[in-house]
Amino acid sequence: MVNNGHTSRVEAADEGSAQVTQLSIPAGAVSESTATVTVVNNPLDIPAASTAVIAAGAYTEITLSNGQTQLGGGQTAAVTISYADSDDDGTVDGTAIKAKDLAMYTYKESGKAWVKDIASSVNTA
């Protein structure tokens with residue numbers, strides 16, 4: 001539950017992949033006094049990425065019960081998604097993707113494409 005009067009934090013884990021997603025929504029960012037936030041790691045029906053995007057296999061779907069898709073007042077949520085690197089070689093396990101090259105993408109229904117439209121950074125520590 002997101003309470004618009006204060007910063008709300010949610011954490012969701014996926015047993016199948018050990019992926020953990022942390023979400024922090026700032027106070028005043030939701031259009032109603034409260035809303036339910038749903039965080040699903042590795043949801044079914046993931047749209048295919050274009051050949052320009054190499055998927056790392058960590059997907060998260062975040063929705064608000066009020067249907068809001070943009071936070072109010074120009075605010076942004078902080079989203080942290082874990083990635084597997086069990087041997088600490090700087091490469092995402094099961095891929096050839098270097099951790100330093102990871103970025104977050106948003107799927108835009110209107111254009112049916114994954115878009116790198118949010119600021120993201122990678123903590124490789």
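## Chatting through rings, strands and a core

Reader: Okay, starting with the rings: how many aromatic pairs are there?
Author: This is a predicted model, and the count of aromatic pairs in it comes to 2. Take Y59 and W114: they form a tilted pair, with 6.1 Å from centre to centre and 50° between the planes.

Reader: Why give both a distance and an angle?
Author: Because a pair of aromatic rings is described by the distance of the centres and the angle of the planes.

Reader: Got it. And where do Y59 and W114 lie?
Author: Y59 is in the loop between β5 and β6, while W114 is in strand β9 (residues 113-115), so the pair ties together parts 55 residues apart in sequence.

Reader: Which residues do ring pairs link into a cluster?
Author: Y59, Y107 and W114.

Reader: Is Y59 buried or partly exposed?
Author: Partly exposed, because its relative accessibility is 21% and buried means under 20%. W114 is partly exposed too, with a relative accessible area of 23%.

Reader: Switching topic: what's in the largest nonpolar core?
Author: That core has 10 residues: V2, A12, L23, I25, A29, V30, A35, V37, V39 and L64. Strands β3 (19-25) and β5 (37-41) each supply at least two of its residues.

Reader: Why would residues like that sit together?
Author: In soluble globular proteins, nonpolar side chains tend to be buried together.

Reader: What does I25 touch, skipping residues up to four places away in sequence?
Author: I25 touches V2, H6, T7, S8, V37, L64, L71 and A77. Among these, V2, V37 and L64 are also in the core.

Reader: And S24, buried or exposed?
Author: S24 sits in strand β3 and counts as buried because its relative accessibility is 18%. Leaving aside neighbours within four places in sequence, S24 is in contact with T7, S8, R9, A77 and A78.

Reader: How far is S24 from V2?
Author: In sequence they're 22 residues apart, and in space 9.6 Å, going C-alpha to C-alpha.

Reader: Back to β5. Which way do its side chains point?
Author: They alternate along the strand. V37 and V39 are the ones you saw listed in the core.

Reader: What about the pairing of β5 and β6, and which residue in β6 is the bridge partner of N41?
Author: β5 pairs with β6 (residues 60-64) in the antiparallel sense, over 5 bridges. For N41, the bridge partner in β6 is T60.

Key: Residues are numbered from 1 along each chain as its sequence is written. This is a predicted model: local features need pLDDT of at least 70, side-chain atom pairs count only at pLDDT 80 or more; totals for chains, interfaces and linings use all residues. Side-chain values use heavy atoms; hydrogens and water are left out. A nonpolar core is a set of buried Ala, Val, Leu, Ile, Met, Phe, Trp, Tyr and Cys residues joined through side-chain atoms within 4.5 Å. Buried means under 20% relative accessible area, exposed over 50%, partly exposed in between (1.4 Å probe, protein chains only). Helices (H or I, at least four residues) and strands (E, at least two) are DSSP runs, numbered from the N terminus. Contact means heavy atoms within 4.5 Å. Two strands pair if DSSP finds at least two bridges between them. Rings of Phe, Tyr and Trp (its six-membered ring) pair if their centres lie within 6.5 Å; planes under 30 degrees apart count as stacked, over 60 as edge-to-face and the rest as tilted.
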